[in-house]
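Welcome! Take a moment to look over the model below, and then we can walk through it together.

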Amino acid sequence: MSTTTIKPTILRNLVTLVLGLLLFATFVSAHEHHDEEAAWNDDNPFTNDEPIDEILKWHIGIQMTAWSGFCVGMVLGINKSRWHVPLQSLCCVLTFCGNFLGHHHKGRSFHSTAHGHFASYLKWYLIIQTGLGIYLKLHIMEGTKVRRSAVMAHGVIGKSFPVMAWVQFIFGGIAALGFCFGEHFGQCLAHFIMGSAFIGYAMILLLMLRVGAGWLLRREVSQEFLDSTTIGVWGIVNTFTEHDAMTGYAMSGHAQSLEFSTSVHKLFGFCLMAAGVARIIEICFVLKDAPSPEVTPEAGPRAFQHLTPFLLVLSGLTFLSATEEQMKWISDSGMDPITYANILFSTSFVIYLAGNALLELFERTRKDPNAPPRQAGQDDVERGRMWYGIPVPDFNSFLSGRGASPEHDNREHYESVPLTGSAVSGGATMAEGNGMVFDLGEEESEEDDGGDKYWSEEREKGHV
């Protein structure tokens, strides 16, 4: 049985990193939070009337960047990309720096908020995830139940990053505006939970649309069955909690205390009805009662199929942006409902674009399950490696002097394996000084070009 030897310097650095994170977390926890110094009242949701200062703006920007990066790193981790660890490490450093700024800003200060409380949980959430990642990276206790449990826990926590980021973003917006205190809490809770649920299910629909066809086929389940089950369960829950069966038609005619709010709720109802109609058209006329086809490089999802999840995103964003306090605040600013609707449409496009971008990254970085396993010591940049359609040269071979010499081959150095001289096709050898034909040590018919058309074109031209 082989054993893994860990260099003392690596282990010492890892221990130092973990202890540093724990020390920083303890320091932040011990810091007396300024939002607990005064009691909340209806007249002033903040502890002072100062505007948001530059440090707090940096806190917001850094945290949005870090947690967006965490979502990208999650995708890279699923595909076991070598960029997963560096990106997640960078985002950990950024988010702890942003957390520090959030406790040391001037200007506007806040009462105790859900954003602040949830941040304390996220701190330990990240520390646990970092610890699990370091443990897995050390490759110790291979094949044990402890390691299998750690792998499962690391995966579950990592895949929850988008949800955690969304919740904390919502809490941050509520805290910055001073909404949802006192008697407004219940209405805020209903709007933000329902609106987020619509957006979440839209992302699930998008996920199943792009990469879930095979999963549905293996389990002999249709997407319509999942949709109907979800709607049924949600209707039951909503009936017993809100005592109202919410439908798009009902919400489009739901009268509100403000005309502005009535217009926004009408938009929500119309968007929800449009999503249902689009789904019916998709099933009956686009797919013709057939299951969604599996996405291949040659054929992607039909354009019309993107309409339903986008409309659900728009519906969810409209509903969570239609609380009483929000409507009064926006109405008092002088903005008309049409302008507000344009903002909601634009933001929905951004959210839907982000979901598509993560799935696009997943598909582009996913390893081919039929590809041969990598050999020990093989360079990271392999022959024929493509990066978004661009051939990537093997700079390691170029710098180390491996591969064909410039006088014999003026092409880019793509090879990462030693080249040996061999006979020319037909049995004749080339005379010394006229060049050499190089053999890659494998049969041409078995060569894996990694999807790179460069090599197939060069063979047809007779260059290789």
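**A first look at the fold**

The protein exposes about 28,100 Å², and carbon and sulfur atoms supply 64% of that area. Keep in mind as you explore that this is a predicted model. Its secondary structure consists of 16 helices and four strands. Of the 464 residues in the protein, 35% are buried. Among contacts with a separation of 6 or more, 71% join residues 24 or more positions apart.

**Where α11 meets α14**

- Start with helix α11, which covers residues 259-286, and helix α14, which covers residues 337-365; their axes come within 10 Å of each other.
- These two axes cross at roughly 40°, and α11 and α14 are therefore oblique to each other.
- The crossing in which α11 passes α14 is right-handed.
- On the α11 side you can find F260, S263, V264 and L267, which meet P337, Y340, A341, L344 and F345 of α14.
- Sorting the residues of this contact between α11 and α14 gives eight nonpolar, one polar and no charged.

**Where α12 meets α14**

- Helix α12 spans residues 307-320, and its axis comes within 9 Å of the axis of α14.
- Here the crossing angle is roughly 125°, so α12 and α14 are oblique to each other.
- The crossing of α12 and α14 is right-handed.
- From α12, the residues P309, F310, V313, L314, L317 and T318 take part, and they meet L344, F345, T347, S348, F349, I351 and Y352 in α14.
- In this contact of α12 with α14, ten residues are nonpolar, three are polar and none is charged.
- Look out for L344 and F345 of α14: they are among the residues that meet α11, and they are also among those that meet α12.

- Just after α13 you will come to G334, which takes a positive phi of about 95°.

**To take away**

Definitions and conventions:
Residues numbered from 1 in each chain as written. Predicted model: local features only at pLDDT ≥ 70, side-chain atom pairs only at ≥ 80, totals over all residues. Heavy atoms only, no water. Buried < 20%, exposed > 50% of the residue type's maximum accessible area, 1.4 Å probe, protein only. Contact = heavy atoms within 4.5 Å. Areas by Shrake-Rupley, 256 points an atom, 1.4 Å probe, with all protein chains shown as cover. Axes fitted to C-alpha atoms, helices over the stretch in contact; angles between N-to-C directions. Parallel < 35°, antiparallel > 145°, perpendicular 65-115°, else oblique. Left-handed = near helix turned anticlockwise from the far one by under 90°. Nonpolar A, V, L, I, M, F, W, Y, C, P; charged D, E, K, R; others polar.
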